[in-house]
Amino acid sequence: MSAHNIDSVLIENRKFKPNPNFVARARIRKQEFDALHKMAAEDYTGFWAKQARELLSWHRPFKQVLDDSRAPHFTWFADGSLNVSYNCLDRHLGSRANKNAIIFEGEKGDVRTLTYQQLTDEVSRFANALKAQGIRSGDRVVIYMPMIPEAVIAMQACARIGAIHSVVFGGFSSESLRDRINDAGARMVITADGGNRGGKIVELKAATDKALAGGCPSIDKVIVCQRTKHNIPMKAGRDIWWHDAIAKQNTDCPPVWVDAEHPLFLLYTSGSTGKPKGIQHSSAGYLLGAILTNLWVFDLRESDIFWCTADVGWITGHTYVAYGPLAAGGTLMMYEGAPTIPDAGRFWKMVQEHKVSIFYTAPTAIRALMKLGDSFPNKYDLSSLRLLGTVGEPINPEAWMWYHTVIGKEHCPIVDTWWQTETGSNMITPLPGVTATKPGSCTIPLPGIAADVVDEDGNSITTPNQGGYLVIKKPFPSQLRTIWGDDARYASTYYPKFGGKYYLAGDSARKDEDGYFWIMGRIDDVLNVSGHRLGTMEVESALVAHPKVAEAAVVGRPDDIKGEAIFAYVVLRGARPAGGVDAAITKELRDWVGEQIGAIAKPDDIRFADNLPKTRSGKIMRRLLRNIARGEDITSDTSTLENPDILLQLQGKV
Ligand code: PRX
């Protein structure tokens with residue numbers, strides 16, 4: 001596809017109709033889709049109750065559906081009880097005991113499969129091991145693991161006994177790990193000796209030791225899975241090998257029935273201010289969103305091999321790896337390593353070898369692989385693919401077209417799914433057998449999801465293409481329940497406007513003349529780096545914690561691969577380096593931020609100045625910093641600037 005064609009696609013606003021072959025056997029077709037929308041419009045709670053009864057297995061059936069009497073704290077199905085692990089495992093054993101639940105490939109090429117029976121046995125054994133270590137329903141357990149089946153086993157085992165897991169992405173530093181352990185008050189860390197990524201060992205146990213050495217008073221035990229088998233120290237009395245912990249346990253572990261609202265997990269995500277927020281999800285409402293979207297959006301079938309490339313450390317790896325595909329009885333593919341080991345054909349080779357039929361990844365990965373050329377995907381047989389998906393940030397039409405033509409061979413529908421850690425599952429997305437797609441648009445809300453774009457006063461914006469706030473006007477089952485330990489922050493972050501009636505997503509968006517949603521960006525100071533949210537504040541706090549830094553301001557600038565890159569303006573305690581650049585101190589600060597937060601947060605550019613641009617009241621003019629970082633002309637009014645002379649330094653001109 002030439003650049004010329006891509007341009008014309010944009011100008012024509014061309015739509016890609018669902019492929020008729022796909023439509024012919026899609027789970028949801030136009031007729032079902034219209035019926036679902038009609039039902040959701042006529043009887044909103046009845047619609048959700050019906051889905052919950054049909055898709056989940058209940059121990060005690062619910063009578064109550066939505067309770068909004070304590071808004072914005074909503075409950076769903078609250079008088080019902082169930083177990084998430086039972087829903088993902090036991091209930092399939094009748095018909096799917098010998099079906100593969102997980103196909104795993106390590107970075108070095110080792111392949112391992114687990115049937116539903118084997119996975120149920122492993123989860124039960126490990127759940128018994130957790131119990132033997134004193135873990136009970138409601139206890140918090142931090143999981144800091146590589147992308148290996150044991151990560152899913154650990155999550156499912158927690159769910160089985162009602163323990164609340166909090167998975168911390170293995171790329172986060174020991175400092176970030178410690179903050180999350182302490183905020184959650186976790187009793188245990190489950191980790192590994194290491195993981196294989198990018199041809200190196202990720203030293204997870206060393207990072208765990210460092211985190212705990214810094215003070216994590218709530219932690220009693222650390223369970224360590226042996227993956228890389230390199231030498232690591234084990235602390236007597238605290239650390240236990242996974243294989244020792246399960247050695248004497250049997251595979252019989254009855255699921256603990258929990259209330260629908262029992263917290264299933266916490267997952268920390270960045271906000272615009274303060275420390276990361278522990279997003280708290282429920283058991284039943286969350287699982288309902290997970291299974292429903294796996295069936296509707298991914299059209300998951302008995303014979304599919306579903307590969308979502310996200311790490312279990314992110315919400316996508318929760319809903320579309322650890323829970324959703326299993327709840328739906330599917331087979332999931334899991335990969336430990338980096339997409340470019342040994343070369344940029346790795347994903348496509350795995351698609352060929354494991355006959356992956358549904359593939360879900362992030363625009364940043366698509367762009368990175370696109371840049372490395374068509375010859376890699378063209379080497380492999382991708383004919384098993386029937387559906388593609390993207391998530392995490394807006395996908396640029398060029399990358400969309402590449403995905404569509406080079407990977408999907410023009411016959412696979414692409415679902416561009418908009419959602420968030422807080423929403424738990426897909427919200428605005430095409431349905432592959434129904435919705436015509438437009439490259440770059442996440443299209444329209446799912447049935448039962450009351451998404452809209454509103455103005456400052458909360459009125460629906462009816463003029464096509466006029467931007468506004470993206471809101472969800474009605475509570476929905478899979479939404480977050482609160483921020484762990486901070487109900488006030490929950491209310492003030494997600495329900496601050498519009499009389500507290502609408503969920504504020506924090507994104508700006510517009511709807512076009514067809515009612516299609518186009519995400520325009522964040523309304524707060526949150527960056528989207530490689531599809532992951534990072535608060536500018538977090539990076540700034542890390543920078544100013546360095547002894548040489550007096551002040552710092554961080555903004556985003558567009559980046560070809562990562563979506564957004566991090567641009568930091570730094571005022572040093574000593575003299576400003578000549579010309580505002582200094583390779584040595586730049587490296588020192590980048591490494592420092594990597595240690596404080598994780599490699600994902602390392603600034604891409606650092607510019608040194610004697611001061612930041614401030615108004616007379618001392619407010620930093622961020623818009624100006626953004627203009628400069630993006631190489632744009634300064635359009636904003638600089639007359640309120642107290643120190644206009646600083647501009648030349650910030651621009652790197654002196
Ligand atoms: O800004 C939106 C962007 O990612 C944010 C959510 O980030 P996080 O909670 O880390 O979850 C990422 C995976 C669900 C949103 O507020 N975003 C997510 N998906 C899309 C998107 N922006 C545009 N198009 C999408 N499909």
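The mean pLDDT of the protein is 94, with 98% of its residues at 70 or more. The stretch to watch is residues 1-12, where the pLDDT is below 50. Beyond near neighbours in sequence, that stretch has ten contacts in the model. Where pLDDT is low, the predicted coordinates should not be read in detail.

## Around the ligand

Let's look at the ligand next. There are 17 residues around it, and the ones that come nearest are Asp416, Thr417, Thr421, Asp507 and Arg533. Sorted by class, this shell has six nonpolar, six polar and five charged residues. Three elements each supply at least two residues of the shell: the helix α13 (315-327) and the strands β20 (414-417) and β25 (517-522).

Now for some individual contacts. A polar side-chain atom of Arg533 sits 2.6 Å from an oxygen atom of the ligand. Arg522 also uses its side chain, with an N or O atom 2.9 Å from a ligand oxygen. Gly392 works through its backbone instead: one of its backbone N or O atoms is 3.1 Å from a nitrogen atom of the ligand. How much of the ligand's accessible area does the protein cover? On its own the ligand has 540 Å² of accessible area, and the protein covers 95% of that.

## A helix on the inside

Is helix α10 (residues 204-213) largely enclosed or largely open? Seven of its ten residues are buried, so α10 is largely enclosed by the rest of the structure. Just after α10 comes Gly215, with a positive phi of about 110 degrees.

One runs from Ala71 to Pro72, with omega near 5 degrees, and Pro72 lies in the loop between β1 (66-70) and β2 (73-76). Another joins Ile341 and Pro342, with omega about 0 degrees; Pro342 is in the loop between β17 (331-335) and α14 (346-354).

Lys229 has a phi near 65 degrees and belongs to the loop between β11 (221-225) and β12 (239-241). With a relative accessible area of 60%, Lys229 is exposed. Glu410 has a positive phi of about 65 degrees, in the loop between α17 (397-407) and β20. Glu410 counts as exposed too, at 51% relative accessibility.

Notes:
Residues numbered from 1 in each chain as written. Predicted model: local features only at pLDDT ≥ 70, side-chain atom pairs only at ≥ 80, totals over all residues. Heavy atoms only, no water. pLDDT = per-residue confidence, 0-100. Contact = heavy atoms within 4.5 Å. Near = heavy atom within 4 Å. Polar contact = N/O pair within 3.5 Å; in protein donor to acceptor, adjacent residues only side chain to side chain. Areas by Shrake-Rupley, 256 points an atom, 1.4 Å probe, with all protein chains shown as cover. Helix = DSSP H or I, 4+ residues; strand = E, 2+ residues; numbered from the N terminus. Nonpolar A, V, L, I, M, F, W, Y, C, P; charged D, E, K, R; others polar. Buried < 20%, exposed > 50% of the residue type's maximum accessible area, 1.4 Å probe, protein only.
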